[in-house]
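Q: Hey, could you walk me through this one with me? I'd like to start with how the strands are put together.
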Amino acid sequence: MASPSAFSRLNLLLPKPSLFAANFRRTQFHFFPTLSSRTISSSSSSSSSSSSSLTCSSYSNSSMKELQNPTPKRDNHFVVLGIETSCDDTAAAVVRSNGEILSQVVSSQADLLTKYGGVAPKMAEEAHSQVIDQVVQEALDNAYMTEKDLTAVAVTIGPGLSLCLRVGVQKARQIAGSFKLPIIGIHHMEAHALVARLTEKDLQFPFIALLISGGHNLLILARDLGQYVQLGTTIDDAIGEAYDKTAKWLGLDLRRSGGPAIEELAKEGNAKSVSFSVPMKQHKDCNFSYAGLKTQVRLAIESKKIDANIPISSASKEDRLARADIAAAFQRIAVLHLEERCERAIQWALKMEPSIRHLIISGGVASNHYVRSRLDMVVKKNGLQLVCPPPRLCTDNGVMVAWTGIEHFRMGRYDPPPPAEEPENFVYDLRPRWPLGEEYAEGRSDARSIRRARLHPSLTSIIQASSQQ
């Protein structure tokens, strides 16, 4: 591993967002994952193969002074606490630098998702706030550690919901400030990609990653740590959002989220009995769109007079079959859209990096067995190997945040401990809309409707600018 350098550290939390463009040396990068409340599941493990579920999602501005001395315990056996609260799961985990997962805790907001039919930001924030202390403490207890045993704290600072991200960042800064620990701001999507390097020890850069979740669709070429090329992204709704809405309209149980519910029901249906068109067939790029497919599904449901207020468990045999056919047809087209985009992305990436051998799929939707099997065929056809983290590490969790923090910490990319006490009016630098990499030239399209307002500079551009100072 590369040794830490005095200047490779990045400050990614800013008192004023305007400083971001003015001085890259003072830019902090943090990621905020989803925050959850209600049910808490936890586990501890002595090896990386048996992981626990953790989520971390809090961070705030730290001192702009450069560290003069290396961080204590900065060797091959340091320990990082990861916090994730970017969306609807509250997670925390403790991970050792050798990849050993010491604990993992996740608090789910499944009841709230069912009640509101999706993520309600204010309710999610309150749920995170109610359980964040308990989740973090349980992660420490399960690892048989206290804050004094930690080397650093990593927390998601974006992208995600601002209200949720703030909960995780505040907690992370409280711990880091009280115990004088370095803090590492994490990009949520980078964490999804890099967790594969925890489970697959031989996975080296460069590789391709498809990151698919409720809020994101992203295809990237990972050239090195912090160096990413964006091959494609979602221009409206992500695939996870489409799964959730379809499940809701079909009257399915959302406590497990829409993906598992759709996949299970689809096994009973005929995927070709309902005709849906593949999104963006005319656009020869790697971007994604699921808004139109959602509309097609809604119209099909209306035409068959399916009443979402009647749960699938109470539906007649004929009604259940109609719902199963729609679920199967939707899943087939939704995943076919992924297949076509990945096929093109592989060709683009191999032109830039012919040594690529792996395609990673991660994110909540990557837990779907149908998605994995279909993409495995695409990858093998192109002579590559598909790498999928275990399902428990595909959904939002603290392990991925802690591990990404470990990777950057080794490179000297971290911030000094924040003050033990911060003013009440302190402004946290949260990054709800934060690109991971720079767009690939051939992937740009005038037809895209991506909203660019209030976008932060990409993580890649920040790291590149800092290394040139």
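A: Happy to! One definition before we start: two strands pair if DSSP finds at least two bridges between them. Keep in mind that the model is predicted.

Q: Great. In what order do the six strands of the open sheet run?
A: The order is S11-S10-S7-S8-S9-S12, and the pairing is mixed.

Q: And which are the edge strands?
A: Those are strand S11 (385-387) and strand S12 (438-439), each of which pairs on one side only.

Q: In what sense do S10 and S11 pair?
A: Parallel, over three bridges, with strand S10 covering residues 358-362. As for individual residues, His358 has Gln385 in S11 as its bridge partner.

Q: What does helix H10 touch on the sheet?
A: Helix H10 (residues 369-381) packs against strand S7 (207-212), S10 and S11. The direction of H10 makes about 150 degrees with that of S11.

Q: Is Cys342 buried or exposed? And Cys394, buried or exposed?
A: Cys342 counts as buried because its relative accessibility is 2%. Cys394 is buried too, with a relative accessible area of 0%.

Q: Last one: where does His187 lie?
A: His187 is in strand S6 (residues 183-187), and it is buried, with a relative accessible area of 0%. A polar atom of the His187 side chain lies 2.8 Å from the backbone oxygen of Trp434.

Methods: Residues numbered from 1 in each chain as written. Predicted model: local features only at pLDDT ≥ 70, side-chain atom pairs only at ≥ 80, totals over all residues. Heavy atoms only, no water. Buried < 20%, exposed > 50% of the residue type's maximum accessible area, 1.4 Å probe, protein only. Helix = DSSP H or I, 4+ residues; strand = E, 2+ residues; numbered from the N terminus. Polar contact = N/O pair within 3.5 Å; in protein donor to acceptor, adjacent residues only side chain to side chain. Contact = heavy atoms within 4.5 Å. Axes fitted to C-alpha atoms, helices over the stretch in contact; angles between N-to-C directions.
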